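Have a look at the structure first, then read on.

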Amino acid sequence: MKTLIVCASKYGSTLEIARWMAERLGADCLTEKAESMPDPSSAELIILGSGIYRHAVLPVLQEYVTRFADVLKDKKTVVFGVALDTTGVFINGKVDGGWDYILPLIKRLPTPPIHAGLLGGEINPDKLDTKDREGLKKFYKMLYGQERPIPYKTRMNKKEVWDFAEKILERLERPIPTKLTVEGR
Ligand SMILES: Cc1cc2nc3c(=O)[nH]c(=O)nc-3n(C[C@H](O)[C@H](O)[C@H](O)COP(=O)(O)O)c2cc1C
């Protein structure tokens, strides 16, 4: 199946995950950066992926969906977010993180995706630009009550990505869902 993976990735982990996914999905699979706004018209399946920043997908992927809404309406799509917190936590009486990172993008799609989910990413302090480094320093200070070096953390897991790709292959056998039902959100 002709597949296009469109990635919004600041530091490369979403792109790496897209390559792992393409490897499992097989031959006719092209991976492009969302910034280059690749035309999805000739693809049968479009997979939209983004690194998660401050609880949201990167704006360029939202722009992509808006720009190509007319084409995406009749296509099979998949959404994935790449984050450190893939499950979310229950805090102060509400769910924070996890699915809430990608639901706004899912809701923005003209037709519900056939599959969606969060996959583990990584933070490499050596790669971060000044703004992100300062932002994370503040976050860790708030968390631990004192300044700390930003730790290297990885949740990148090829098996997780291949399992996700296998689920996509399974879902391709079914018709496209006609209606998005997300109770209570
Ligand atoms: C400034 C900054 C903010 C982030 N915010 C979140 C967040 O809100 N939730 C989360 O789970 N991960 C967060 N992360 C982790 C990223 O989602 C993770 O590094 C991801 O792998 C980035 O993807 P990319 O390398 O493709 O850009 C953040 C990382 C940075 C640097």
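## Who lines the site

Strand β3 gives the most to the shell around the ligand, putting in three residues. Keep in mind that this is a predicted model.

In total, 22 residues surround the ligand, and the closest are Ser9, Ser13, Thr14, Tyr53 and Glu122. Sort the shell by class and you get ten nonpolar, seven polar and five charged residues.

The side chain of Tyr101 brings an N or O atom to 2.9 Å from a nitrogen atom of the ligand, while for Arg54 a backbone N or O atom sits 3.1 Å from a ligand nitrogen.

On the oxygen side, a backbone N or O atom of Glu122 lies 2.5 Å from an oxygen atom of the ligand. As for burial, the ligand taken alone exposes 640 Å², and the protein buries 93% of that.

## Where the ligand sits

Zooming out, domain 1 (3-121 + 156-171) and domain 2 (125-152) both give residues to the shell, so the ligand lies between them.

Technical notes. Residues are numbered from 1 along each chain as its sequence is written. This is a predicted model: local features need pLDDT of at least 70, side-chain atom pairs count only at pLDDT 80 or more; totals for chains, interfaces and linings use all residues. Side-chain values use heavy atoms; hydrogens and water are left out. A residue is near a molecule or strand if one of its heavy atoms lies within 4 Å of it. A polar contact is a pair of N or O atoms within 3.5 Å; within protein, one must be able to donate a hydrogen and the other to accept it, and residues adjacent in sequence count only if both atoms are side-chain atoms. Accessible areas come from the Shrake-Rupley method with a 1.4 Å probe; for residues, only the protein chains shown count as cover. Helices (H or I, at least four residues) and strands (E, at least two) are DSSP runs, numbered from the N terminus. Ala, Val, Leu, Ile, Met, Phe, Trp, Tyr, Cys and Pro count as nonpolar, Asp, Glu, Lys and Arg as charged, and the others, Gly among them, as polar. Domain bounds come from an automatic or database domain assignment.
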